[in-house]
Amino acid sequence: MQIELLLDIHYLKRLYMKTSKPVCQKYNLTQMEMDILGFLYNNPNFDMAKDIVERRMLTKSHVSASIENLYKKGLINKVPDVKDKRIIHLHIEEKCRPICEDIASMQENYFSILSAGMSEEECSSFSSLLHQAMYNAKTKMKSCL
């Protein structure tokens with residue numbers, strides 16, 4: 001069962017990447033750039049590179065390079081914090097809204113694929129179990145550091 005679970009998680013990730021590929025191609029984005037835009041769009045209260053690195057468990061160098069590319073493409077803006085100019089907040093530019101809406105639509109499609117054939121109650125149970133498993137994993141990761 002454990003090996004199957006690891007394979008299942010791998011399939012979920014591969015399906016997400018395949019589902020997101022048309023959006024990446026349409027807007028000439030890397031997977032990382034699309035993930036960052038999706039994160040900023042879905043989590044407006046977490047608008048710093050540090051938030052993306054910590055919450056998505058991505059490498060700082062890859063996030064930094066992708067943020068710079070998105071900035072050069074004019075899709076995001078960097079705004080210094082009012083109290084501490086060393087802190088940079090990332091904001092999605094208005095011209096990026098259609099891209100973010102396509103990303104959100106792609107994500108909805110992905111979750112529709114995953115939940116196909118499940119009742120509302122089963123979806124709720126699945127979500128609850130997944131959240132508990134993720135909580136357990138995050139707790140263990142923190143204690144290992």
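Contact means heavy atoms within 4.5 Å. Helices (H or I, at least four residues) and strands (E, at least two) are DSSP runs, numbered from the N terminus. This is a predicted model: local features need pLDDT of at least 70, side-chain atom pairs count only at pLDDT 80 or more, and totals for chains, interfaces and linings use all residues. Residues are numbered from 1 along each chain as its sequence is written, and side-chain values use heavy atoms, with hydrogens and water left out.

**Exercise 1. Name the residues through which helix 2 and helix 3 meet, then describe the packing.**

Step 1. On the helix 2 side, take Asp35, Ile36, Phe39 and Leu40. On the helix 3 side, take Asp51, Ile52, Arg55 and Arg56.

Step 2. Sort them by class. Ala, Val, Leu, Ile, Met, Phe, Trp, Tyr, Cys and Pro count as nonpolar, Asp, Glu, Lys and Arg as charged, and the others, Gly among them, as polar. The contact of helix 2 with helix 3 has four nonpolar, no polar and four charged residues.

Step 3. Axes are lines fitted to C-alpha atoms, for helices over the stretch in contact, and angles run from 0 to 180 degrees between N-to-C directions. The axes of helix 2 and helix 3 (residues 49–56) cross at roughly 100° and come within 11 Å. Helix 2 is therefore roughly perpendicular to helix 3. The cut-offs are: under 35 degrees roughly parallel, over 145 roughly antiparallel, 65 to 115 roughly perpendicular, and the rest oblique.

**Exercise 2. Work out how helix 1 packs on helix 2.**

Step 1. Two packed helices are described by the angle between their axes and the distance between the axes.

Step 2. Read them off. Helix 1 (residues 2–27) and helix 2 (residues 31–42) have axes 10 Å apart, at an angle of about 90°. So helix 1 is roughly perpendicular to helix 2.

Step 3. List the partners. Helix 1 contributes Tyr16, Met17, Ser20, Val23 and Cys24. Helix 2 contributes Gln31, Met34 and Asp35. By class, the contact of helix 1 with helix 2 has five nonpolar, two polar and one charged residues.

**Exercise 3. Find which residues have the most contacts inside the largest nonpolar core.**

Step 1. A nonpolar core is a set of buried Ala, Val, Leu, Ile, Met, Phe, Trp, Tyr and Cys residues joined through side-chain atoms within 4.5 Å. Buried means under 20% relative accessible area, exposed over 50%, partly exposed in between (1.4 Å probe, protein chains only).

Step 2. The largest core has 25 residues, and those with the most contacts inside it are Met34, Ile36, Leu37, Leu40 and Ile52.

Step 3. Trace the suppliers. Helix 1, helix 2, helix 3, helix 4 (60–72), strand 2 (88–92) and helix 5 (97–115) each give at least two residues. Helix 2 gives the most, with six residues.

Step 4. Zoom in on Leu40. Leaving out residues up to four places away in sequence, Leu40 touches Phe46, Asp47, Ile52, Ile76, Leu90 and Ile92.

**Exercise 4. Summarise the whole chain.**

Step 1. Count elements: six helices and two strands. Their order from the N terminus is α-α-α-α-β-β-α-α.

Step 2. The C-alpha trace spans about 50 × 40 × 25 Å along its principal axes.

Step 3. Of the 145 residues, 27% count as buried. Among contacts with a separation of 6 or more, 51% join residues 24 or more positions apart.
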